Amino acid sequence: MAGAPDLLRLATAGSVDDGKSTLIGRLLYETRQICEDQYRAVERASRERGADYVDLALLTDGLRAEREQGITIDVAYRHFATPRRRFILADTPGHVQYTRNMVTGASTADLALVLVDARKGIVEQTRRHVFLAALLRVPHLVLCLNKMDLVGYAEERFACLRAELGALVARLAFRSVTVIPIAALHGDNVTARSPRMPWYGGPTLLEHLEHVPLGAGAEQGPLRFPVQLVIRPRTADQPDYRGYAGQLASGAVRVGDQVLVLPGGLTTRVAAIDTFDGPLAAAAAPRNVTLRLADELDVSRGDLLCHPASPPRVGQDLDAVLCWLTPAVLQPRGRYLLKHTTRTVRALVREVHYRIDIASFQPDHAATVLELNDIGRVTLRATAPLAYDPYAQSRATGAFILIDEVTHHTVAGGLLLPPGAEDVLAAA
Amino acid sequence: MSPDSRGTALVEPAVALGPLSDLDALEAEAIFILRETAAECARPVLLFSGGKDSAVLLRLAEKAFRPARFPFPILHIDTGHNFPEVLAFRDRTVARLGERLLIGSVQESIDRGRAVEERGPRASRNRLQTITLLDTIAAYGFDAAIGGARRDEEKARAKERIFSFRDEFGQWDPKQQRPELWQLYNARVRPGEHVRVFPIANWTERDVWRYIAREGIELPEIYFAHEREVVERDGLLLAVGPYTPPLAGERPFRATVRYRTVGDMTCTGAVRSTARTAEEILAELAASTVSERGATRADDRFSEAAMEDRKREGYF
Ligand SMILES: Nc1nc2c(ncn2[C@@H]2O[C@H](COP(=O)(O)OP(=O)(O)O)[C@@H](O)[C@H]2O)c(=O)[nH]1
């Protein structure tokens with residue numbers, strides 16, 4: 001067997017009218033996700049709007065209010081598959097609330113796909129999207145130069161834009177950056193090689209998406225096992241069973257391993273790794289397992305198990321980057337609930353050091369509050385210690401959200417930094 | 001592999017270190033979501049329609065919580081117009097799992113004057129389910145209702161959150177939805193509010209069938225090809241039964257069909273098929289050109305925004 005398909009999560013971004021909807025519609029259509037009835041509905045809608053071609057962009061149009069306004073305002077998730085890979089695409093709209101949406105989509109993405117109109121070249125939105133993808137540590141970046149038909153499929157235009165983009169990403173920590181010239185409307189280099197761009201020797205977009213390596217991910221890192229749920233059947237046949245269920249955030253665990261429980265600090269051994277499908281001798285991230293421990297310790301949800309030789313940081317004073325997601329302004333000394341892995345504590349935002357201008361990547365020290373779609377460097381004080389890693393090392397143990405205690409809204413996404421860190425884009 | 005063959009053979013414990021397949025990754029996400037719901041919510045409930053998506057949810061719940069019992073009851077909203085095969089499947093499944101079943105009855109909502117039966121030949125109780133569901137959620141004080149909806153079912157679902165917030169009227173407001181970053185789900189609600197939780201939001205119909213085949217999950221018989229008496233109505237094949245007598249001018253005939261979803265008998269259509277196993281259904285799906293809801297749900301056909309309107313009202 002050629003091996004089971006794997007799963008790639010990608011997030012798309014682009015300014016309005018760069019052709020994102022058209023490109024996604026084409027990916028869905030060409031990978032045969034679109035059924036005849038859906039295609040006919042789009043055909044009908046295209047005619048009603050007076051278009052003389054089938055507007056594939058309509059395939060990805062969502063809610064009624066948005067249809068009426070003719071815009072997309074929220075992250076939408078699309079699915080397509082090839083024999084090699086299953087794809088989950090987070091379609092993040094490029095204008096209204098762009099930061100909030102892009103941060104949401106990028107937070108779980110393995111790959112960011114940013115559209116650039118080949119006529120316009122790099123615009124402010126491009127810089128924002130690339131910066132956010134880098135900040136959120138999306139491993140792979142794909143820049144699609146779209147509407148190549150409108151620049152005569154010219155190699156010079158491509159070469160020139162590629163050089164500019166190379167300069168833009170030079171100091172950013174992507175694992176790979178790929179530039180592909182396409183014409184989404186006509187399908188050139190989307191799933192089939194374009195005969196109109198014979199000078200282009202690279203992969204089509206779909207080929208690239210199918211082959212970009214997913215490995216060397218979470219399973220490679222140090223063991224991080226946030227306890228999610230304590231499983232205690234208390235039944236006649238299982239009176240004493242006590243298992244710690246959760247998802248391995250990184251690394252691998254083996255039966256017999258010594259583990260340290262944080263933030264408590266006690267150590268014990270892993271007696272068994274249970275799953276519904278049978279016991280395991282070893283398991284790696286991102287699997288869900290239930291661990292039984294050799295000693296009866298007081299372990300509960302929110303605790304983190306690791307190997308004693310490679311512990312995370314433990315602390316209450318936290319340096320972080322905040323992405324502010326709500327219209328209510330971040331008040332200096334604002335108090336929030338902070339959810340990190342499976343642990344929720346209270347936290348106080350002690351100081352907003354600066355806002356980061358996401359078009360220039362430069363700090364703006366004049367800012368003391370954060371508003372909707374702002375990104376800022378802050379320090380926080382938590383009411384209880386967190387066991388964490390810098391976000392650049394581990395997304396799962398370096399990310400948190402802030403929740404308003406009264407409205408229960410999710411008001412911010414946060415990325416933890418090494419203490420005192422200044423360069424928020426620095427490699428881990 | 002059949003469920004009862006699990007764990008009977010004495011083999012060396014396996015080593016699970018490599019990268020995950022796509023189905024394993026989707027399964028892992030769903031188990032994480034179920035456990036998160038159990039940990040964060042005071043009174044969750046699992047909505048069970050008797051359909052394939054809820055059968056998958058139950059298997060995922062076994063994986064998430066065994067050897068303990070489920071930390072929530074199972075709720076079925078009974079329209080009174082169910083396929084008998086689905087009710088039998090429900091009772092057999094709940095008995096096998098040894099879990100607690102609650103039933104919310106649409107008929108009772110009608111009898112108590114909470115809901116008004118639709119009239120006319122195309123009357124359906126599909127919309128009334130919403131009233132019974134919200135009443136049941138309120139009566140028990142549930143703060144989370146786990147459902148099997150998927151983002152690929154319908155355009156309006158593509159933007160659905162995994163934890164989807166409903167206000168004290170059970171309504172879904174697109175503006176109130178919380179951003180979902182990483183796997184850090186926010187399940188907090190005030191009394192009277194609740195969240196709908198969709199552990200298999202990211203699965204497609206094909207993923208569901210692949211998982212059913214892989215796990216050997218049992219389904220109601222009507223999912224597989226069988227012969228029955230049907231009429232053709234509004235382009236759908238509807239089973240002839242006590243709630244769906246043939247209308248004037250309709251000629252019942254026998255056909256070999258299967259169901260792609262199981263809802264209210266009055267609005268769930270069958271498709272012609274000879275597929276008798278999950279594998280054969282996957283083969284048919286690969287060749288199929290009509291989407292799941294387009295093929296079989298009369299309730300979605302009347303307007304393009306039908307689903308969205310029902311969701312606002314608190315539909316599943
Ligand atoms: N000529 C040309 N037009 C394109 C191409 N891709 C998209 N368009 C057009 O650009 C406009 C905006 O596309 P759309 O997909 O709606 O952009 P979005 O706002 O990024 O989703 C539409 O009129 C498309 O038909 C392309 O490759 N070539």
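## A walk from the ligand to the chain interface

Helix α1 (residues 20-30) of chain A gives the largest share of the shell around the ligand, with three residues. Helices here are DSSP runs of H or I with at least four residues, strands are runs of E with at least two, and both are numbered from the N terminus. Before going on, keep in mind that this is a predicted model, where local features need pLDDT of at least 70 and side-chain atom pairs count only at pLDDT 80 or more, while totals for chains, interfaces and linings use all residues. Residues are numbered from 1 along each chain as its sequence is written, chains are lettered from A and ligands numbered from 1 in the order in which they are written, and side-chain values use heavy atoms, with hydrogens and water left out.

Back to the ligand. There are 17 residues around it, and Asp17(A), Lys20(A), Ser21(A), Thr22(A) and Asp149(A) come nearest; a residue counts as near if one of its heavy atoms lies within 4 Å. Sorted by class, the shell has seven nonpolar, five polar and five charged residues. In that sorting, Ala, Val, Leu, Ile, Met, Phe, Trp, Tyr, Cys and Pro are nonpolar, Asp, Glu, Lys and Arg are charged, and the others, Gly among them, are polar.

Now for some polar contacts, meaning pairs of N or O atoms within 3.5 Å (within protein, one must be able to donate a hydrogen and the other to accept it, and residues adjacent in sequence count only if both atoms are side-chain atoms). A polar backbone atom of Asp17(A) sits 2.7 Å from an oxygen atom of the ligand. Asn146(A) brings a polar side-chain atom to 3.1 Å from a ligand oxygen, and Lys147(A) has a polar side-chain atom 3.1 Å from an oxygen of the ligand. On its own the ligand has 570 Å² of accessible area, and the protein covers 80% of that (Shrake-Rupley method, 1.4 Å probe; for residues, only the protein chains shown count as cover).

Stay with Lys147(A) for a moment. You'll find it in the loop between β5 (140-146) and α6 (155-169) of chain A.

One runs from Leu262(A) to Pro263(A), with omega near 5°, and Pro263(A) belongs to the loop between β11 (258-262) and β12 (266-274). Another links Ala285(A) to Pro286(A), with omega near 0°; here Pro286(A) is in the loop between β13 (280-284) and β14 (288-293).

Next, see how the chains meet. Contact (heavy atoms within 4.5 Å) links 83 residues of chain A with 71 residues of chain B. About 6300 Å² is buried between them, and carbon and sulfur atoms give 56% of it; buried area is the accessible area (1.4 Å probe) that two parts lose on being put together, summed over both.

Seven salt bridges cross this interface, each a side-chain nitrogen of Lys or Arg within 4 Å of a carboxyl oxygen of Asp or Glu. Glu36(B) pairs with Lys339(A) in a salt bridge whose closest N and O atoms are 2.7 Å apart. Arg86(A) and Asp207(B) also form a salt bridge, at 2.6 Å from N to O. That pair goes from strand β3 (residues 85-91) of chain A to helix α6 (residues 205-215) of chain B.
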